[in-house]
Amino acid sequence: MIRSESFIFILCWNIRPLFSLSSLRVNEALASPNLFSSEVGSIANPKPGKAQSFGNLKAHLHPRPFAPRFKELPEKPNSPEKPQFTQRSHLFIKVKMQMEIVALPLENVEPPSPGTGTGRKRRKKSVVWDHFTLETVSPGCTRATCNHCKKSFAYISGAKQAGTSHLKRHIALGICPIGGQDNTLGQEGALMSYKSASQTRGARSSTDAPKRRRTTPNLLSSSFDQDSCNHEIAKMIVQHEYPLHIVEHSGFIDYVQTLQPQFNMVSFNSIQGDCVAMYLMEKQHILSLVSGAPGHVCITLDLWTNSQSIGYAFLTGHFVDMDWKLQRRILNVVMVPSPDKDDALSEAVVTCLSDWALKSRVCTLTVDQSFTDEAMVENLRGLLFMKNPHMIQGQFLLNNCYARTLSRVALDALTLMGATVKKVRDCVKYITTSEDNEEKFLELKQQLQVPSSRNLRLDDQTKWDTTYHMLLAASEVKEVFSCFDASDPHYKPTLSMDEWKQIEVMLTYLKLLFDAANLVTGCTPPPACNFFHEIWKIQLELSHAAVSQDPFVSNLTKPLHERFDKYWKETCLVLAIAVAMDPRFKLKLVEFSFSKIFSDEDDKWVQIVDNGIHELFLEYTKAKHENDGETKMENSLGGTQDGLSDFDVYVTEINTSQNTKSELDQYLDESLLPRVQEFDVLNWWKLNRQKYPNLSRMAADVLSIPVSAVTPDSVFFTTDRKMDSYRSSLRPVALEALVCAKDWLQYGSAASSESEVSAGVAKMEHLDH
């Protein structure tokens with residue numbers, strides 16, 4: 001007599017290989033008793049050679065190595081005798097299996113996962129099956145039907161299984177139209193029903209061992225929030241410059257309704273208000289960032305115009321924050337109805353200073369000569385001196401934009417070589433606009449073994465860097481262009497080898513300009529000391545090329561040098577003072593570079609820089625003493641008079657008369673630091689601010705001086721920036737909100753839920769005015 005425990009072990013052990021067969025093999029076994037008996041018998045009593053064939057079948061169905069799941073344990077002294085198999089027990093196993101398989105209900109059994117190679121069916125444990133029923137549509141295709149709305153969802157299609165996440169959302173989020181009308185299956189009701197069902201199914205006695213569960217995001221616990229969705233749409237519009245009218249586009253409305261039917265699409269006015277609210281929230285954070293800056297703020301002004309000749313002044317602030325990191329933020333976008341008026345730009349600057357409380361904190365102002373005349377410059381200079389008289393009587397007004405100057409010089413070179421550049425452009429256009437021509441060109445390039453990894457691309461004539469890259473790529477494969485007529489009889493070579501050489505000569509000077517312009521294309525603004533080396537290198541190369549014995553070189557570079565020399569003379573003082581604040585160079589690099597550029601007059605120019613830096617340091621020292629005097633006066637008003645005020649004046653005069661070195665002289669006399677690539681000059685001044693308290697404040701302001709007035713994405717433009725018709729149609733407050741908020745959000749959002757409420761109120765007041 002076989003015990004029940006032994007019989008269960010025998011049953012599991014003997015029928016285990018049957019589940020490794022394909023589902024078709026199992027169905028055939030169930031349909032044919034003889035086949036079933038032969039299969040069981042062959043497994044219990046294998047014949048010679050049978051094990052090898054079964055192993056091949058197992059390897060085909062299961063890629064993993066086949067190994068038995070049970071090990072025979074050594075017999076214990078009092079262990080019961082192992083059961084022996086008989087043909088009668090095989091028949092009993094067959095009948096028992098047939099009864100169990102027929103008794104299992106279909107709706108509580110999950111079909112085997114495709115590709116698993118096992119015919120085992122397991123009970124589904126997910127609570128979604130309380131609301132769904134599986135229906136077999138066709139062989140290999142099973143769909144889940146909602147018990148409430150009868151909507152059908154994909155579940156198994158061929159070798160793909162859709163899972164149950166979409167079924168959970170249909171019930172728990174109240175998407176089901178029938179369930180949404182039923183209080184017990186509404187959004188909240190369905191979610192509670194789902195949770196309670198999950199707890200009921202997951203309930204177990206305290207004696208049960210805890211089960212390990214795979215953690216997944218709780219999608220059903222999140223509730224729909226209209227305000228959060230509105231905020232995200234506003235953020236999307238701001239970050240990607242989508243038009244505000246996107247909320248009225250039918251395609252966008254249909255797409256959002258498909259994602260969330262409960263969402264009520266906002267109107268144009270509402271989304272405009274949300275964008276302004278976001279701008280006001282972020283502005284509070286920028287205000288605290290600017291007000292907390294220990295030094296001054298440098299301003300750049302760039303002017304855009306639209307088709308109606310209305311100007312838009314973009315004012316950007318550059319400053320060093322409390323952590324001694326250089327920051328750049330767009331502060332205002334001010335509409336200028338008449339940009340040709342002498343005081344038009346001054347009014348925009350006054351608006352910015354008043355809006356951000358910068359009336360006495362401006363260090364420098366950088367504009368461009370393309371939209372300023374002499375009267376405008378004098379008005380801006382007077383305004384700068386009036387707001388901050390300590391800045392060398394308003395001399396820190398930069399009237400030439402670094403990026404615009406480089407673009408003008410590059411455009412001059414391309415214009416002088418316009419005919420030859422057009423020939424190259426036509427050749428590149430002939431190759432790149434035809435797939436057949438491009439394939440022939442690449443084949444010829446491989447045959448000639450031309451070592452070039454650049455791709456030929458047609459340029460955008462409004463961005464000179466694209467023209468530079470096109471010429472550079474074409475010059476590397478000039479041999480292929482010269483021989484391409486052999487592969488394509490319709491192609492006629494238009495450039496001679498001399499013209500290709502002229503292109504290569506021009507590229508050497510364009511490369512100097514391109515490398516210099518790349519300094520201002522990054523997201524993080526570089527300190528002002530980084531520009532001196534690039535500027536004096538370009539000045540030196542152009543000055544030498546202008547007097548070259550080669551007539552082509554001299555004729556090409558002489559106009560370039562004349563334009564750049566003007567910029568050099570107007571900015572060399574500021575840039576030289578900035579590089580002197582770098583402990584790796586100080587005034588030594590100024591002396592070295594001036595000896596190369598000015599030859600016999602280098603001492604005079606070095607003395608000008610030395611006087612300028614000492615005069616600027618004296619201004620900072622005076623300002624510090626005035627602040628200290630005001631502090632002492634305030635303290636003395638509340639203190640007692642001891643009659644020794646004259647003695648304090650006497651001691652101050654003695655200390656002043658003594659020949660002691662200033663902070664600036666001590667700094668300049670010290671040895672240079674080693675030149676390393678990864679050197680943070682602002683961090684060095686942060687660490688040495690106790691040693692140089694006044695000089696460190698001056699260094700923070702000088703190193704934050706911006707030499708370029710354009711945004712990083714406008715560095716290579718050869719034309720003035722134009723405001724498109726869509727932005728021109730917006731209200732000034734909405735335009736400023738969209739532009740500024742986009743710039744601020746790239747550094748991270750600082751909005752909080754509490755400020756969102758106050759900003760919403762302020763938004764409505766702002767729009768009303």
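Biologist: Which residue takes a positive phi near 80 degrees in the hairpin of β3 and β4?

Modeller: First, this is a predicted model: local features need pLDDT of at least 70, side-chain atom pairs count only at pLDDT 80 or more, and totals for chains, interfaces and linings use all residues. Residues are numbered from 1 along each chain as its sequence is written, and side-chain values use heavy atoms, leaving out hydrogens and water. Strands (E, at least two residues) and helices (H or I, at least four) are DSSP runs, numbered from the N terminus. The hairpin has two residues between its strands, and the one with that positive phi is glycine 140.

Biologist: What is the bridge partner of threonine 136 in β4?

Modeller: Strands β3 (residues 132-138) and β4 (residues 141-146) pair in the antiparallel sense over six bridges; to count as paired, two strands need at least two DSSP bridges between them. In β4, threonine 136 has as its partner threonine 142.

Biologist: Which are the edge strands of the open sheet?

Modeller: Picture five strands in the order β9-β8-β7-β10-β11, with mixed pairing. At an edge, a strand pairs on one side only. That gives us β9 (326-336) and β11 (397-398).

Biologist: At about how many degrees to β9 does helix α29 run?

Modeller: Helix α29 (residues 732-745) lies across β8 (311-320) and β9. Axes here are lines fitted to C-alpha atoms, for helices over the stretch in contact, and angles run from 0 to 180 degrees between N-to-C directions. The angle to β9 is about 165 degrees.

Biologist: Within what arc do the buried residues of α15 fall?

Modeller: Buried means under 20% relative accessible area, exposed means over 50%, and partly exposed is in between (1.4 Å probe, protein chains only). In α15 (residues 418-432), the buried ones are Thr420, Val421, Val424, Arg425, Cys427, Val428 and Ile431. An α-helix has 3.6 residues a turn, so residues three or four places apart point the same way. Taking directions from the helix axis to the C-beta atoms, the buried residues line one face, because they fall within an arc of 160 degrees.

Biologist: Alanine 699 is in contact with which residues, leaving aside its neighbours within four places in sequence?

Modeller: Alanine 699 is found in helix α27 (residues 693-703), and at 1% relative accessibility it counts as buried. Contact means heavy atoms within 4.5 Å. Leaving those sequence neighbours aside, alanine 699 touches Met581 and Trp685.

Biologist: Does glutamine 449 count as buried or exposed?

Modeller: Glutamine 449 sits in the loop between α16 and α17. Its phi is near 55 degrees, a positive value in a residue other than glycine. With 67% relative accessibility, glutamine 449 counts as exposed.

Biologist: And what is the relative accessibility of serine 599?

Modeller: Serine 599 is in the loop between α22 (588-597) and α23 (602-637). Although it isn't a glycine, serine 599 has a positive phi of about 55 degrees. It counts as partly exposed because its relative accessibility is 43%.

Methods. Expected span 1.5 Å × (residues − 1).
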